[in-house]
Protein chains: 2
Amino acid sequence: MHITVEKTIQSFADVAPPAVILAAGEGHRLNGLNGGAPKPLTAVLGLTLLERAVLSCKEVGVMEFFVVIGYHADKMIPYLNALGQRLSVSIKPVENPNWREGNGSSALSAAPYIRSPFFLLMCDHLFDPAILRLLLTAGKNTTDCLLAVDRHPDHVFELDDATKVILDGDVITEIGKREASFDAVDTGLFFCQPTLFEALEVARDKGEHSLSAGFMGLIRNREFRAVTIGERFWFDVDTPKSLNLATKALLQSLSKPNEDGFIAHYLNRPVSRRISKILIRTPVSPNGISLLSFAGCIIGAVMFYPGGYIWTILAGLVIQLSSIVDGCDGEVARLRFQSSKFGGWFDTILDRYGDTAVVAGVSFGYWLTHPHATVWLGAIFTLTGFIMASYVKKEFMIRYQSNPPGGLLGKLIKRDLRIFVIMLGALANRPYESMLLVGLLSHVGIGWMLLKGHKQMNLQRQRS
Amino acid sequence: MHITVEKTIQSFADVAPPAVILAAGEGHRLNGLNGGAPKPLTAVLGLTLLERAVLSCKEVGVMEFFVVIGYHADKMIPYLNALGQRLSVSIKPVENPNWREGNGSSALSAAPYIRSPFFLLMCDHLFDPAILRLLLTAGKNTTDCLLAVDRHPDHVFELDDATKVILDGDVITEIGKREASFDAVDTGLFFCQPTLFEALEVARDKGEHSLSAGFMGLIRNREFRAVTIGERFWFDVDTPKSLNLATKALLQSLSKPNEDGFIAHYLNRPVSRRISKILIRTPVSPNGISLLSFAGCIIGAVMFYPGGYIWTILAGLVIQLSSIVDGCDGEVARLRFQSSKFGGWFDTILDRYGDTAVVAGVSFGYWLTHPHATVWLGAIFTLTGFIMASYVKKEFMIRYQSNPPGGLLGKLIKRDLRIFVIMLGALANRPYESMLLVGLLSHVGIGWMLLKGHKQMNLQRQRS
């Protein structure tokens, strides 16, 4: 049957607003860590803070940037020009000679360039780009300024130093650092209207140069609203300690609790994150890592062929290691904003070929001591289960245009568990039997998904 | 990686217009074929003409029908009431005592019920529901009445009897049966505004009772436009001969020239259509046919096990027959308007399991005379090629949100060819070797798709 998958609208670029990034401050608390470079140029897992901010915006389609600079403007301007060229975006350096007055003064210096709604962000904040998408969506239905807020103050490092807000519904009624009781924490990510500049001018004329002072004007008119970020990741980097923690939190944010199987979540990710932290410093590409993991899997599979116990143990450990490294391609891609459709597709295809090699290797090793055709029929049975467990899910996504049924069984027919069980079997000198076991489990999972799909069809019929 | 496939908007029902179906005439030219039943109740491949019209509209979301009846209204009313209940749609029988005056008079009798744009169709036309979708899309941008027209008069049976139109761009400037030179043929499928009824009233007051006379009023105001149907299927059923041809044409329209492989198109479809013509008269469901074809494939696969030449030939023929029957599930589903997401999913999963059985059977038969492990490694190599050729396409559709690369190689890695080549190999007593050959071809196709995907990624990068 022919399916035309609806084209995803990816023309965000047509409508995405520009972004103003405040990068003027000295960031003296980070001094010394960076060889005296300005704070925006501090590297976190291979990319500078500023580069991360720009790339995060680019992920939601922003192509035009106004970066307000002050401290070490001489060093910043050539960096920004080169960065714009390298990332194929427009970056306009905006110098604020009065940057020491406060961040309101810096924001105001972007005013001459802005005629439409815009993102406003601090260069020293790491965050999940999905937060910008939340702001963009919320911004479509309002002419108020919006601030992304975190309702979990326990998540916030150096809370004393954070800016807090008090809310009335989603309307912000107070903003400041010294609020003793508050509803949420300011993440430093804004979606603003040009009216902000008028409010900043009013504050400036009163001698107030902080961003918060500007927002006070909007608060008085109830034109400043909060958008809650839920569990999404953000981190304010101010001190060496927070830089350290931010790096850890960024690595942590690479986990995909909803998608990873149990072994991936509890065993593979903690290790693969550590490996990714090293790989990020090398020039190896995410697709290169996929190939590396695949090569490991093939080597492990071939090591099953000789059939002896020592080889079997080693083979099991090698395929488990390759399964761990298999998580690094996506991690490095996300850390470098290099995720691609091809990369995801390539990785999943290599995984299936890797499974094939493991089944062939384990079966060959077993066949040496059990030379019956049934060994190979078992291999074919298992291999079909392995590949079909993924295939059935993909077909489900295409036919039903929604994610396949999850649940416990959904987690048990993933590759992380297959490889882990075969590795355990190898340690016990029973790789073939353990392979049959996960093969059988895969077929059970396939049957279960078919039942779920059938049920869903009947439900839809009843509704219509 | 986690992919959220965009949900297809399927809420046509919210916006779909009602349909007026003209079913008042006597259809005397069909008399005798149907035991004297009124023409709308003439059966074509298991469903009456009227049922086909209603189900075709339902496919694009129409849930409210006004069926104008005249001839044998006493027989039609209970039929329509039962039909509405069975198909879960609202069908209002509208009696036109003056039906003999003309089809304009019949259309006009639906006027009291219609306040919004509506489909207008003749009950004796078979057509591809996609034409209604074309009208609906075109109707969103105009307040004119629309007529679906066929620009290929050579496709039209009994052209003399057809209504023709003359066009100025897409504006209809003449309509009638006697035009000697014309631009297109009237398919009898309209998307109308309630203004049509005013035009029909004006014509009626002048003693004109045909639909064409009503449309003349719209033509004078240039408020009547044509929508070209391209190569889409339609057929006007008036005589026993045209009924016969329409049945053939409807069966023919089940082919999917863009999706079917070469063997499916030139060999399997012509046979499967004949089988579907028989199956449509039985109560067996499309999913039942999928299971039937799967059972045939398993039986054929098992027949390879004994390994003798006679068994091999028989096995080859059985799997080829099952591959032919594999086309019938979709055909019967489309003929009965029973296509379902689950059905398509179920069918494709059974196909992959069928492939597994064939590979196991052929390899076992070969292994009896060639007892080497390499026979099974070849089996594993082939099986991965077979399943992955489909898997890689599905992954492509999900990642790129578009159809996978087509072309010659795309056609050569489909199941129809795999099974056919293995059957040919079986006839030549070389099923294993031919299986390896198509296995190799599958891997080449997979590599080719990967290259295409990689190229597409690079193109997209360059554009961004």
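Here are some questions and answers on this predicted model, going from chains to domains to helix pairs.

Q: How many residues does the contact take from chain A and from chain B?
A: Let's start with the two chains, counting residues with heavy atoms within 4.5 Å of the partner. The contact draws on both chains: 54 residues from chain A and 56 residues from chain B.

Q: What is the area buried between chain A and chain B, and which residues of chain A lose the most area to chain B?
A: The buried area between chain A and chain B comes to about 6,000 Å², with carbon and sulfur atoms giving 73% of that. On the chain A side, three residues lose the most area, together 13% of what that side buries. They are A:W345, A:I380 and A:Y391.

Q: What is the area buried between domain 1 of chain A and domain 2 of chain A?
A: Chain A splits into domain 1 (12-238) and domain 2 (254-459), and their C-alpha centres lie 42 Å apart. The contact takes seven residues from domain 1 of chain A and five residues from domain 2 of chain A. Carbon and sulfur atoms give 76% of the area buried between these domains, which is about 560 Å².

Q: Are α10(B) and α11(B) roughly parallel or antiparallel?
A: Helix α10 (residues 286-304) of chain B packs on helix α11 (residues 309-325) of chain B with the axes 8 Å apart, at an angle of about 165°. Angles over 145 degrees count as roughly antiparallel. So the pair α10(B) and α11(B) is roughly antiparallel.

Q: Is the crossing of α11(A) and α16(A) left-handed or right-handed?
A: In chain A, helix α11 (residues 309-325) and helix α16 (residues 415-427) have axes that come within 8 Å and cross at roughly 160°. That is over the 145 degree cut-off, so α11(A) and α16(A) are roughly antiparallel. As for the hand, α11(A) passes α16(A) in a crossing that is left-handed.

Q: How many charged residues are in the contact of α11(A) with α16(A)?
A: Residues of α11(A) in the contact include A:Y309, A:Q320 and A:S323, while those of α16(A) include A:D416, A:F420 and A:L427. Asp is among the types that count as charged. Alongside ten nonpolar and four polar residues, the charged count is one.

Q: Is the crossing of α2(A) and α3(A) left-handed or right-handed?
A: The axes of helix α2 (residues 49-59) of chain A and helix α3 (residues 73-87) of chain A come within 11 Å and cross at roughly 35°. Among the residues that meet are A:E51 and A:K58 in α2(A) and A:R86 in α3(A), and the contact as a whole has eight nonpolar, no polar and three charged. The crossing of α2(A) and α3(A) is right-handed.

Technical notes: Residues numbered from 1 in each chain as written. Chains lettered and ligands numbered in written order. Predicted model: local features only at pLDDT ≥ 70, side-chain atom pairs only at ≥ 80, totals over all residues. Heavy atoms only, no water. Axes fitted to C-alpha atoms, helices over the stretch in contact; angles between N-to-C directions. Helix = DSSP H or I, 4+ residues; strand = E, 2+ residues; numbered from the N terminus. Parallel < 35°, antiparallel > 145°, perpendicular 65-115°, else oblique. Domains from an automatic or database assignment. Buried area = accessible area lost by both parts, 1.4 Å probe. Left-handed = near helix turned anticlockwise from the far one by under 90°.
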